[in-house]
Amino acid sequence: MANLNILVNQEKTEKKGLGNFLNGTAAQKVLAFAALIILFIFFSLASEFFLTANNVISIILATCVNGILALGVTFIIITGGIDLSLGTVMTFSSVMAAVSISNWGLPLWAGCIIAVVTGAFCGCVTGTLISKLKLPPFIATLGMMMVTKGLSLVISDAAPVYFPDKTPENPSAFVFRDIALGNGIQFGDVVIPNAVWIFLAMIVIASIILNKTKLGRYDFAIGSNEEATRLSGVNVNAWKIAIYTLGGAFVGIAGIVMASRLGSAQPALGQGYELDAIAAVVIGGTSLSGGSGTILGTVIGAFIMSTLTNGLKVMAVPQQWQTVIIGGVLIVSVLLDLMRRKQKN
Amino acid sequence: MRIKKLLVLGLSVAMAMGVMTGCSTDKPAPKDEQKTETSKQEEKTEEKVEEKNEEKTEGEAEIVIPVVSKGFQHQFWQAVKMGAEQAAEELGVSITFEGPETEDQIDKQLEMLQAALAKNPQAICLAALDSKAATPYLEQADAAGIPVIGFDSGVDSPIVKTTCATDNYAAAAAAAHKMAELIGGEGKVGLVVHGQTSQSAKDRRDGFMDTMKNEYPNITVLEPQYGDGDHAKSTEAAKAIITANPDVKGIYGANEGSAAGVINAVKELNQVGKITIVGFDSGKIMIDAINSGVAAGSITQDPVGIGYKAVEAAYKAYKGEENPEFIDTGFKWFDKTNIDTPEIQAVIYE
């Protein structure tokens, strides 16, 4: 009898949580999208060079890495968790890909699989630490951030690892750089590089997983009320590990795109990227306390970040002010979200 | 509530970790570090260094010179480290070599400097990320009678009597002259710089900009863009320059990462041959770009010489010998015509 009551109650709270999330994030999404449009209009008026096909492609290309990281961490933030190891796990994945291709002589596809597996494995370890061993996500991922930062340096011997490039004898060979920068599809003069298509594919995959699968449903359930989800017979630990592993796999793919764009794995790079990704998720309306969030919101959030960075640079705003403005946008967008939530309650 | 508690817990654990690592780096770390560093080198040198250390501990006190650099994993710093180790071996002293991950981590570097002082060494070599921020530690060293030798960039303090460095301002001016020559003395020129606070970044920016403004009235210098020396961020910065100024004739990258970003941007926007690239520092990306004609050329410092001369000057200072105020470690211009010559091969690195 008691069990049944709990189940019923849980169902109620879940429904309530779901209702809230629909109304809440819909409004935030509209807000975020409006902000993006306003940014585009503002920068187009400020600089005649902003709204050109090539610059728009540049913005999309600059969004890819941060966007893919943000997609992965969206799943984690919806559970009420956080992942501070995104940036360095990304670097670690790209170093693993570079070492396996350049030093061990494996084919490109194998290097890519190794990068994704590396990311997923790191996510799996973090997930296990958080769910089974009850480490707070902040600490577990902080530790993972340092561990992977060190490991990248160890494996690369503290030096950048370069991928084999096109040779004069074989100028049309498909090299690692082409994974992100190869000419995907061409519309007249405008070339949309592969990285953009990879990003698009990841968006589709992420929204299918979040909206159409068990993992997506349990993701929201754990974030709204972990205890109730556990009591209704869901193996919360296992699903949490799965969610962190999934997030890690996205990080691995981001690592491939980053390394491919640079033609090398740079072991010194990476730290700081996690905060950009988390900022994108938050601007997109996903609450850091968990239980709500959308893929579209995250994508818009990532675009707001890169549009701001690109636009301010094209306008030649001094660097120090660029950082101030981006920080201000982050604070204002979260404040608006909080105010809207309060009004509802 | 739950979040608050977690945050408090998180912060306290982070602080506890900080304290623990802080303590542990104070004492046992130096020897471990030294061992791992030497073990990376060839086995022969490792044996030699260890033998020497043993001899020293038996007789007189071992001479330890900590080298606190601005970085560690970049090829440039690895070359500086190589030079420092070379000098240490020849002089029979032992060194430790460390530096923060990025050139913006001023706080991390101060911690390293503090830990180095705690070892009560005979002398210290310091490449300060921010001279002013290091002042209290320099005063501490001065009070303890530990000579401090500046390297890579000048340390703006009366306590530091000797600096071994490239004259970055003069080197950047040389880059400006080359750029002006290559673009025919007129047009728009952009620049991507790695930082706004470090002295070397400022010198490399100002040396270039001042020369352009004072000596080439027909060249317009655009607002400098900053990329933290990060390849990806520098790429975006250079792309923004090209987008906002379709008529830009040349772009200068003020360090290895910045120049790599400029090269990436020019390639991604299919502007190879239309935009003249002049860089600073070498690295595989720059060398490949020069060989394939994407970049015109680059200024290089002599990193091995910087490391060598810094340790040598530190040793002299400890012995009470006089050092000149500024030891210029020199710079060289390299392009397609001289890249394969032995003098250039000796100072560039992949």
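## Two domains of chain B

In this predicted model, the centres of domain 1 and domain 2 of chain B, taken over C-alpha atoms, are separated by 30 Å. Domain 1 of chain B covers 46-166 + 303-319 and domain 2 covers 168-301 + 335-345, with bounds that come from an automatic or database domain assignment.

Between these domains, 16 residues of domain 1 of chain B are in contact with 14 residues of domain 2 of chain B, contact meaning that the C-beta atoms of two residues, placed from the backbone, lie within 7 Å. On the domain 1 side, α4 and α12 (303-319) of chain B each supply at least two residues; helices are DSSP runs (H or I, at least four residues) and strands likewise (E, at least two), numbered from the N terminus. That side has four nonpolar, seven polar and five charged residues, where Ala, Val, Leu, Ile, Met, Phe, Trp, Tyr, Cys and Pro count as nonpolar, Asp, Glu, Lys and Arg as charged, and the others, Gly among them, as polar.

## Contact between the chains

The contact takes 31 residues from chain A and 32 residues from chain B. On the side of chain B that touches chain A, α9(B) gives the most, with eight residues, and the residues of this side divide into 14 nonpolar, 11 polar and seven charged.

## Numbering and confidence

Residues are numbered from 1 along each chain as its sequence is written, while chains are lettered from A and ligands numbered from 1 in the order in which they are written. Local features need pLDDT of at least 70 and side-chain atom pairs count only at pLDDT 80 or more, whereas totals for chains, interfaces and linings use all residues.
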